[in-house]
Amino acid sequence: MLNNASGFRKVYIAAGYTDLRRGIDGLASIVKFNFQLDPYEKDILFLFCGRRSDRIKGLVWEGDGFLLLYKRLELGGFSWPRTKEEALEITPEQYRALMQGLEIVSRHPIQEVQPSDLL
């Protein structure tokens with residue numbers, strides 16, 4: 001189910017580390033109070049990763065209750081952005097890359113340079 005997220009309107013990842021011992025209520029409170037997002041919005045997938053990058057949890061409100069997803073990779077790990085404690089909305093392409101173990105947030109993004117900076 002997590003490899004193909006075509007049924008979700010939006011996907012958010014919680015950058016940084018999340019305590020994966022948290023259950024539905026704990027993860028929903030992170031979404032609401034830390035990220036100021038509505039955990040009760042339908043068809044929105046919220047993803048969380050702990051210190052070990054081979055496990056993630058997902059939280060989805062289905063209208064009649066929450067669905068808690070847990071995935072543990074047998075080989076490899078997710079390339080999870082660890083630098084900021086915020087929720088990042090990602091594109092379907094970024095989601096597919098994440099599920100393949102690829103980086104979705106560049107460590108050294110290319111920035112525009114002004115000609116005056118070069119002289």
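Modeller: A cavity, in the sense used here, is a set of grid points where a 1.4 Å probe fits but cannot get out. By this rule, and bearing in mind that the model is a predicted one, the count comes to one cavity of 30 Å³ or more, and the volume of the largest cavity is about 40 Å³. Its lining is made up of Tyr 12, Ile 13, Ala 14, Val 31, Phe 35, Phe 46, Leu 47, Phe 48 and Ala 87, and the elements that contribute two or more residues to this lining are β1 and β2. Sorted by class, the lining holds nine nonpolar residues, with no polar and no charged ones.

The protein has three helices and five strands, which follow one another along the sequence in the pattern β-α-β-β-β-β-α-α. The five strands form an open sheet with mixed pairing, in the order β4-β3-β2-β1-β5. Because β4 (66–72) and β5 (87–90) stand at the edges and each has a single partner strand, one side of each is left without a neighbour in the sheet. From one strand to the next, the twist averages 25°.

Within this sheet, β2, which covers residues 44–49, runs antiparallel to β3, residues 55–61, and five bridges join the two. Phe 46, one of the residues that line the cavity, stands opposite Leu 59 in β3.

The nonpolar cores complete the picture. In general, nonpolar side chains in soluble globular proteins tend to be buried together. Here buried residues make up 39% of the 119 residues in the protein, and the largest nonpolar core has 20 residues, with Ile 13, Leu 45, Leu 47, Trp 80 and Leu 98 making the most contacts inside it. Two or more residues of this core come from each of β1 (10–14), β2, β3, β5 and α2 (92–99), and the largest share, four residues, comes from α2. Apart from this core lies another, of 12 residues, among them Ala 28, Val 31, Phe 35 and Leu 59.

Coming back to the cavity, its lining includes Ile 13 and Leu 47, which are also named among the residues with the most contacts in the largest core. The lining likewise includes Val 31 and Phe 35, and these two belong to the core of 12 residues.

Methods:
Residues numbered from 1 in each chain as written. Predicted model: local features only at pLDDT ≥ 70, side-chain atom pairs only at ≥ 80, totals over all residues. Heavy atoms only, no water. Pairing = 2+ DSSP bridges. Axes fitted to C-alpha atoms, helices over the stretch in contact; angles between N-to-C directions. Core = buried A, V, L, I, M, F, W, Y, C linked by side-chain atoms within 4.5 Å. Buried < 20%, exposed > 50% of the residue type's maximum accessible area, 1.4 Å probe, protein only. 1 Å grid on protein atoms, 1.4 Å probe; cavity = no way out; pocket = protein on both sides within 12 Å on 5 of 7 lines; lining within 4 Å. Points joined across faces, edges and corners; volume = space filled by probe spheres on them. Nonpolar A, V, L, I, M, F, W, Y, C, P; charged D, E, K, R; others polar.
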